[in-house]
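Work through the exercises below with the sequence and the model side by side. Try each task before reading its solution.

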Amino acid sequence: MSPPPFTTLTGVAAPMPQDNIDTDVIFPARFLLITARDGLGTYAFHDRRTDADYVLNQPAFRDPPFLVAGDNFGSGSSREQAVWALTGLGVRCVIAPGFGEIFHGNCLRNGLLPITLAADCVARLLDAAAAQETFTVDLSAQTLTVSGDILVFDITPERKAALLNGWDETSLLLTSHAAAIDAFEARQCRQQPWLYPQDASA
Amino acid sequence: MSQNQHVKMPEPARTLYRKLWDSHVVADLSDDEALLYIDRHLLHEVSSPQAFVAMREAGRRLRRPGTHYAVADHAVPTQSPRRDHARAGTIADPQAAAQIAELEANVADFAVAYAGLDSDEQGIVHVIGPESGFTLPGTTIVCGDSHTTTHGAFGALAFGIGASEQGTVMAAQCLRQTRARTMRVTLIGERPPLLAAKDIALAFIAAVGAHGAAGHAVEFAGPIVTAMSMAERMTLCNMAIEAGSRIGLVAPDVTTFAFLEGRRLAPRGTSWPAAVAYWRTFASDPGAVFDRELVIDVSTLAPQVSWGTTPAQTLPVGAALPDPAAIADPAQRQQAEAALTYMDLTPGQSLLGVPITHAFIGSCTNGRIEDLRAAAAIVRGRHVAPGVEAIVVPGSAATRIAAEAEGLDAVFTAAGFEWRLPGCSMCVAMNDDRLSPGDRCASTSNRNFEGRQGHGGRTHLMSPAMAAAAAIAGAITDAREMA
């Protein structure tokens, strides 16, 4: 399934200053019984949204294209539903000092751009987000612009190209590395035949 | 390269992680990124449906069906309306029933091996992988589940992935990965009686923080690890993710080989000695350099209990809880305040004597036979306190059968524990085993996140002996006083 391409994005950012916002908070486990991947935005931060004052219940932040969060955002479970819930809510970019690693990988495969910036920088962005300033990201230029300040962020060239073009990783691997995969298997089958029981008994 | 080059350069010393990485590179993509070959894929009902949908939409088939193994564990009930404890066809929750039926249809369509609901191999994915011999040293193992770190206890490169990556593994048997930095945690000192692997894991997480090992593959080493059972090593590696690391590792050794020999899917005949000889090469070389080193002297450790809403918010039993007012860092102060409020605890208090409503013994962290024995040793001849709902959920059917053969089920039921059927149960609260708002649970599981065991529920992570002691006392207590 190809993710939507990511080029530029402009809009408000919902501030979530807490550290360690885990995937159980983003998408409570009881909703994992749903097997669809569409329509999960309703469940994003479900148990936090029961508080009328919660940031996502404030009119300005109801459908935020950006989130600015504390450290270790998306820690915990591997559930990709956490990412689908965010994209379902309209979020396409999350900025934090650090991310749960599996969550980070899941973002990249779904056209959601995770930006890692230093904690002091994120602290300033949290203030700007709370003041409802406009955030603009240009992936090609690797810049985040907030009230005239231009911040540069890192991303590997491969990840950047995949996001810009909305490439499906599986198709990419199958088309560009098929021969290498075949060669690896032939080599491994000789070295560790016990990993190829079917081939041995055939 | 010169053709008359005869002098072979000495091999640079490598870490266990680097050896696992190097032996699975299909193609180098950049300095620290590669396409890695994936030998093994475990599936469960919750994270796999969308991967199968993607396979169907793209018209793809599994590249190697024999490398996948599926089981339902997260959503399965742990009770059965039938006298023979059969669960197939009895699931009352329509969503859970539909999810499990979808898994069963998928494994049938794609010819994936499946441990059915009433099979002797059903259980938590991270318990049955090792028990069946599906988990082997020197392999790469993935699963749509963050606690896949568990399998690293066998010297396998094992990590949790999302559903999209599962689809990639199904079709291409490979994943693009970024090479992790390395961290060695060396456990030394004289291990005190009753100090569980869980206590060591929690103390490690508290020491480095919930994000402290992010970006690192963590190898547990040293004399304490060498002396540990496979169950204990699995508990350690299982919890590595709670320090932010996707990968926990222990080098395979005689304990590993003795555990695996004769397992259903382990190599047999002439393959066995060949496999063991190959597996022995998976140890960090003397002189291998780690990016970070941490030494923990376990002789100084006491049983650990989490007090907050991340596993890093853990203290030795009896210690005074932190006072947020004394924490300088604003983010940490806010985190501590929020955790104390959610947990309904006050700064400076001790957890000793805090009443519980529930005790849960089970999960991929502590649902193995050794864990049940440790809990039963505390429980034997005692009774669960009035008002406490205490359940024991074996990690697998095989564990349940083994425990019953030893009479552990009778020890637990005589004491007022419920003896359940295997599954993830109250660790993830996706079935009907869950806390209600305000409930407080002494739990052997791995996460104390807000709502993890049920909306509004409060979790205290601890070892099986400590959870058993809390169930008996009706409050958090020091299990050493009951031993």
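**Exercise 1.** Is B:Leu117 buried or exposed, and why?

*Solution.* This is a predicted model: local features need pLDDT of at least 70, side-chain atom pairs count only at pLDDT 80 or more, and totals for chains, interfaces and linings use all residues. Residues are numbered from 1 along each chain as written, with chains lettered from A and ligands numbered from 1 in written order.

Step 1: take the cut-offs. A residue is buried with 20 or more other C-beta atoms within 10 Å of its own, exposed with 12 or fewer, and partly exposed in between; C-beta atoms are placed from the backbone.

Step 2: apply them. B:Leu117 is buried because 24 other C-beta atoms lie within 10 Å.

Step 3: locate the residue. B:Leu117 sits in the loop between strand E5 (113-115) and helix H4 (125-132) of chain B. Helices (H or I, at least four residues) and strands (E, at least two) are DSSP runs, numbered from the N terminus.

**Exercise 2.** Which residues does B:Leu117 contact, leaving aside neighbours within four places in sequence?

*Solution.* Contact means C-beta atoms, placed from the backbone, within 7 Å. The partners are B:Ala72, B:Val76, B:Arg87, B:Ala88 and B:Gln122.

**Exercise 3.** Which residues of helix H2 (residues 49-57) of chain B are buried?

*Solution.* Step 1: list them. They are B:Pro49, B:Gln50, B:Ala51, B:Phe52, B:Ala54 and B:Met55.

Step 2: find the cover. It includes helix H3 (94-109) and helix H5 (163-172) of chain B.

Step 3: look past the helix. B:Gly59 follows H2(B), with a positive phi near 65°.

Conventions:
Two residues are in contact if their C-beta atoms, placed from the backbone, lie within 7 Å.
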